[in-house]
Amino acid sequence: FEMISEIEGLKKNGYLLDVKQLSISDGALLVMPFHRQLDQAREAWKSGTKIGTTGRGIGPSYEDRASRRALLFRDLFSDRLEEKLTECLEEKNFLLTQLYGQEPVDIKTCYEKIKEVAKILEPYRCHQVSFDVNQMLAEGKRLLFEGAQGVLLDNWHGTFPFVTSSGTGAASACSGVGVSPRAIDKVYGITKAYCTRVGTGPFPTELEDETGELLQKEGHEFGATTGRRRRCGWLDLVALRYSLRVGGIDNIVLTKLDVLSHFATLKVCTHYKVNGQLVENQSMM
């Protein structure tokens, strides 16, 4: 369970001195080891149509939420934990054994391990994250919501199907935490001075040559989760404009501009050509 490893790392480095510094919402979705197993089995089973998933089980976990069989953080402390776990695993074991040719997950062993983890995580349990956050807003406190992954990986507005399993735009902070959209008064978008992508999916400005290799080398472009080499290319202003519009971004935080100091000539994409015509604000969809 990576959450425990992260907590121990924070403690070791002096960033987590009190349990009150970290709260885990009762409604937080759990990504279990069997989600990862299913994710990796599914990706390995595909031929020629790989999404390029990180294989960390995020997709299968969100599928469980959509089908209303997900395990939430509060379930770790429920008397019905074993019952819910069994319900969650029945279908997955069928897929693992009958479709992907793998060994099933032992429900009893999994249950006992989860109970051990629950004891460690219980001090960080928070029953009412939405209430607490809204109370801080009412008191005039300044809050920072941080999201992960780019707009083009958004499940609704990204380059589907080469996307993640959730919303990655700024609006997701509201639905995820449980605050009004009116509570957000400034949105910052972080972008590199060039483009990168991990895994498969469309990439109009990709450089599959020495220039792309130099960007990758000087930018140390490896996937934060998988360690895979990132595909690199020039800055795509069409995609950036789209991201600003969809994300409602007020200010850009531009990173890795120093990497471009290795190039005598810089290029950016300003338009796409669609059916022979230049289009400046072409919809990414």
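**Close-up views of a predicted model**

**View 1. Surroundings of glycine 212.** Leaving aside residues up to four places away in sequence, glycine 212 is in contact (heavy atoms within 4.5 Å) with Leu207, Arg229 and Cys232. The model is predicted, with local features needing pLDDT of at least 70, side-chain atom pairs counting only at pLDDT 80 or more, and totals for chains, interfaces and linings using all residues. Residues are numbered from 1 along each chain as its sequence is written, and side-chain values use heavy atoms, with hydrogens and water left out. Glycine 212 lies in helix 8, residues 210-218 (helices are DSSP runs of H or I, at least four residues, numbered from the N terminus). Glycine 212 counts as buried because its relative accessibility is 1% (buried means under 20% relative accessible area, 1.4 Å probe, protein chains only). Between the C-alpha atoms of glycine 212 and arginine 231, which stand 19 residues apart along the chain, the separation is 7.6 Å.

**View 2. Helix 3 and its cover.** In helix 3, residues 58-66, the buried residues are Gly59, Pro60, Ser61 and Asp64. Among the elements covering these buried residues are helix 2 (33-45) and helix 4 (81-99). Arginine 68, which follows helix 3, has a positive phi near 65 degrees.

**View 3. Lining of the second largest pocket.** Leu29, Arg65, Arg68, Arg69, Ala70, Leu71, Leu72, Arg74, Asp75, Arg80, Lys84 and Glu87 form the lining of the second largest pocket. By class, this lining has four nonpolar residues, eight charged and no polar (Ala, Val, Leu, Ile, Met, Phe, Trp, Tyr, Cys and Pro count as nonpolar, Asp, Glu, Lys and Arg as charged, and the others, Gly among them, as polar). A pocket is an open set of points on a 1 Å grid over the protein atoms alone where a 1.4 Å probe fits, with protein on both sides within 12 Å along at least five of seven lines; lining residues have an atom within 4 Å of a point.

Technical notes
Helix = DSSP H or I, 4+ residues; strand = E, 2+ residues; numbered from the N terminus. Buried < 20%, exposed > 50% of the residue type's maximum accessible area, 1.4 Å probe, protein only.
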